[in-house]
Amino acid sequence: MNFRTLKQLAELAETRNLRLGQLMLEEQCHESGEDKDAVFDQMREYYGIMKSAVHQGLHTDTTSKSGLTGGDARKLMAYRADGQSLLGHASLSMSYALAVSEVNASMGRIIATPTAGSCGIIPGVFISSQERFGWTDEQMVYGLFASGAIGYVIANSSFISGAEGGCQAEVGSAIGMAAGALVDIRGGSPSQSIHAVGLALKNTLGLICDPVAGLVEIPCIVRNGFGAITALGAADMALAGVRSIIPSDEVVQVMLEVGSAMPESLRETAGGGLAQTPTGRKITRDLQHK
Amino acid sequence: MIASFRQMCNRRNGENKTVRFKDVFSIIGPAMVGPSSSHTAGAARIGRTARHLFGECPSHAEILMFGSFAATYKGHGTDTAIVGGLLDMETDDPGLPDAFAHADTAGMETIIRPGTGLYPHPNTVEIALTNAAGDRTLNMLGTSIGGGNIEIVRINGYNLKLTALYPTLIIRHSDEPGVIAVVTRLLVDNRINIGHMSVDRKNRRGEAMMVLECDGKMNPAVVQQIEVIPEVQEVTLLSL
């Protein structure tokens with residue numbers, strides 16, 4: 001890849017007069033030595049799997065093996081049916097994000113974006129926004145390449161696993177990737193996309209990874225739902241011209257700094273946070289006796 | 001123009017970090033069965049890499065968990081995923097959740113337990129495999145670095161690195177001058193580019209191993225050409 005920072009990514013796209021998604025497709029072909037059609041088709045297949053996961057989450061029983069989670073996406077869909085949800089259309093993005101995360105927790109098939117713990121956010125905002133604005137699948141697939149470009153920079157400058165950097169590295173990265181990609185699909189400039197990433201990441205800095213009983217369920221699933229809303233918010237801010245005064249690359253460095261300082265108990269070991277609350281401990285004990 | 005080393009050192013922060021994630025599909029992807037990319041999909045990939053390095057279905061597998069793997073493997077299905085990988089299942093194989101039952105059918109005995117001592121990454125697993133005859137073993141240390149991506153850092157006591165993303169040659173050879181040159185010359189002749197290479201040895205002029213991650217498809221004939229080099233004892237082509 002010919003870029004290492006978000007700034008370089010935006011500059012490269014502007015120099016070549018390409019959208020972020022188009023640039024990343026070209027860069028990927030160069031990296032893998034495959035032709036454009038093959039690379040694009042693989043991503044198109046992934047988008048299809050994302051759609052299937054949303055459908056599965058809304059129409060099948062997603063009770064997890066532990067029995068702790070499942071069915072919340074369907075609850076939200078029923079609740080928002082009368083059009084009175086406080087979030088309006090955004091509640092659809094939230095429902096879809098929950099749906100995919102519930103499919104993941106029940107050992108269904110998903111695409112890691114960038115991880116499985118954060119797999120609901122990108123499908124949630126992509127598929128709901130596509131329905132709303134009538135975007136084509138092709139536009140959405142380019143959007144996935146844009147989100148991949150952003151994730152590539154974050155992953156190589158900081159981290160994308162909860163065990164290394166906490167939830168900010170997983171859910172936080174996914175929100176930044178989704179926000180920047182939405183701006184790209186909606187017609188914003190590469191620079192606006194990058195501002196969206198910085199705006200979004202600032203809101204999740206410090207978020208710990210504290211899964212109850214070590215399961216990707218509590219609080220992971222609801223954090224995907226909230227993450228979808230944050231991604232929409234950050235994209236809207238950037239499209240309105242709001243800038244990340246602290247440059248997005250510097251925000252990514254803060255994520256690295258904060259994650260490195262995080263104690264191991266708050267990095268996917270279930271040794272602290274919500275996992276070690278009285279209720280978290282009770283759930284863990286009950287599951288062990290099950 | 002080639003930058004001098006001093007110029008390289010003066011570059012901005014960030015360019016000196018290793019590129020752990022190489023392409024778009026290490027960020028968007030893999031397609032996988034949940035619930036965790038590092039603890040399920042990455043674990044399955046580590047298991048499948050061990051299976052391919054071993055070359056057959058093991059009759060006995062000992063799996064030692066470290067760090068976050070040790071703390072949360074039951075909840076994430078890490079043990080199930082590794083066993084699935086050892087049975088050659090891919091990350092999105094629908095049979096993955098039932099891997100232990102499939103292992104019984106295949107006659108593979110498994111022992112899962114926490115490991116002791118130092119480990120290189122929060123998500124680390126040591127896998128020790130034995131075949132039915134008891135005359136072949138593999139010991140491998142793997143790490144799951146996020147998003148389903150892995151790094152194998154030790155094979156049979158050699159400290160090496162492989163990601164299983166590329167066609168990879170694993171060559172056991174004797175530590176003699178020129179062995180690397182003979183092998184890489186063969187790759188040149190076959191127009192094969194090396195992306196990453198690591199070499200380690202047990203002792204000077206003793207046993208050694210090299211791992212070559214290569215670009216593009218690898219013609220199996222290359223393996224045969226390397227096998228006949230006198231100093232080479234064993235060649236494995238890993239292509240997942």
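Domain bounds, as used here, come from an automatic or database domain assignment. In this predicted model, that assignment gives chain B a domain 1 spanning residues 24-162 and a domain 2 spanning residues 168-238. The centres of domain 1 and domain 2 of chain B, taken over C-alpha atoms, are separated by 25 Å. Between them, 11 residues of domain 1 of chain B are in contact with 11 residues of domain 2 of chain B. On the side of domain 1 of chain B that touches domain 2 of chain B, α2 (37-54) and β7 (158-162) of chain B each supply at least two residues, and β7(B) gives the most, with five residues.

Between the chains, 48 residues of chain A are in contact with 39 residues of chain B. The side of chain A that touches chain B draws at least two residues from each of α2 (20-32), α3 (36-59), α5 (90-105), β1 (109-111), α7 (137-157) and α8 (162-165) of chain A, with the largest share, nine residues, coming from α7(A).

The table sets out the residue classes on one side of each of these two contacts.

| Side | Nonpolar | Polar | Charged |
|---|---|---|---|
| Domain 1 of chain B, touching domain 2 of chain B | five residues | five residues | one residue |

Strand pairing also links the two chains: β1(A) and strand β1 (residues 31-33) of chain B pair in the antiparallel sense over three bridges, and A:Arg109 stands opposite B:Val33 in β1(B).

Key: Residues numbered from 1 in each chain as written. Chains lettered and ligands numbered in written order. Predicted model: local features only at pLDDT ≥ 70, side-chain atom pairs only at ≥ 80, totals over all residues. Contact = placed C-beta atoms within 7 Å. Helix = DSSP H or I, 4+ residues; strand = E, 2+ residues; numbered from the N terminus. Pairing = 2+ DSSP bridges. Nonpolar A, V, L, I, M, F, W, Y, C, P; charged D, E, K, R; others polar.
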